[in-house]
Amino acid sequence: MEHNLSRTEDGQTELTIRWNQEDDPMGFLYSWAAKGYLESFLRTFPKPGEGGNPVDADDAYHMAVGLNWLAEHTDRRLELLLLLLRDQYKASWGTLGSALDAPRSTAKSRYQKVARQYAEHGDYVNETGIHSGPPAEVKRLVENRLLSRDD
């Protein structure tokens with residue numbers, strides 16, 4: 001994946017994003033752009049006090065749908081990154097707290113909640129990456145790890 005940020009002759013900023021099938025095998029990026037979710041994000045974030053200046057209720061609704069989709073998917077990606085940081089890359093609670101802009105205790109609580117949620121589906125992360133197994137076994141493994149961890 002690559003991107004290019006440049007200025008046009010008339011002073012506008014132009015962003016070009018290129019990706020291939022390997023970058024987006026499930027089509028999330030394409031869907032995000034095609035459904036207008038990228039536009040919702042770009043319209044609402046630069047001027048948060050204006051709410052993206054929707055032209056009518058339908059426009060406001062579609063912007064809200066787009067931002068909600070983005071928020072849900074972004075939060076899921078963040079959760080996985082927390083597991084990777086702690087379990088694969090051995091990051092400290094302080095590092096997780098810094099990534100979340102939150103106290104260490106909040107980062108630890110969120111990490112534990114996410115680890116348990118993943119375990120419910122039989123998924124976990126260790127020093128070699130993301131793995132799956134029988135949910136009952138994975139839940140025991142994760143609980144034992146959470147109980148044995150130091151602060």
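This briefing covers salt bridges and a nonpolar surface patch. The model is predicted. A search of the whole structure finds 9 salt bridges.

**Strand 1 to strand 2: E2 and R18**

- E2 and R18 form a salt bridge, with 3.8 Å between the closest N and O atoms.
- E2 sits in strand 1 and R18 in strand 2 (residues 13-18), so this pair ties together parts 16 residues apart in sequence.
- E2 is partly exposed, at a relative accessible area of 49%.
- R18 counts as exposed, at 54% relative accessibility.
- The cut-off explains the two labels: exposed means over 50% relative accessible area, and partly exposed lies between that and the buried limit of 20%.

**Within helix 3: R76 and E72**

- R76 pairs with E72 in a salt bridge whose closest N and O atoms are 3.8 Å apart.
- Both residues belong to helix 3 (residues 57-88).
- They are 4 residues apart there, which means a separation of about one helical turn.
- R76 is partly exposed, with a relative accessible area of 41%.
- E72 is partly exposed too, with a relative accessible area of 38%.

**Helix 6 to helix 3: R145 and D87**

- A salt bridge joins R145 and D87, and their closest N and O atoms are 3.4 Å apart.
- R145 lies in helix 6 (residues 135-148) and D87 in helix 3, so the pair ties together parts that are 58 residues apart in sequence.
- R145 and D87 are both buried.
- Buried here stands for under 20% relative accessible area.

**A salt-bridge network**

- E39, R43 and D59 are linked to one another in a network of salt bridges.

**Nonpolar surface patch**

- M1, L5, L15, I17, W19 and Y30 make a nonpolar surface patch of about 670 Å².
- M1, one of the patch residues, is found in the segment before strand 1 (2-7).
- M1 is exposed, with a relative accessible area of 60%.

**Points to look for in the structure**

- On the strands, look for E2 on strand 1 and R18 on strand 2.
- On helix 3, look for R76 and E72, and for D87, the partner of R145 from helix 6.

Note on methods
Residues numbered from 1 in each chain as written. Predicted model: local features only at pLDDT ≥ 70, side-chain atom pairs only at ≥ 80, totals over all residues. Heavy atoms only, no water. Patch = residues over 30% accessible without salt bridge, like charges linked within 9 Å, V, L, I, M, F, W, Y side chains within 5 Å. Areas by Shrake-Rupley, 256 points an atom, 1.4 Å probe, with all protein chains shown as cover. Salt bridge = Lys/Arg side-chain N within 4 Å of Asp/Glu carboxyl O. Helix = DSSP H or I, 4+ residues; strand = E, 2+ residues; numbered from the N terminus. Buried < 20%, exposed > 50% of the residue type's maximum accessible area, 1.4 Å probe, protein only.
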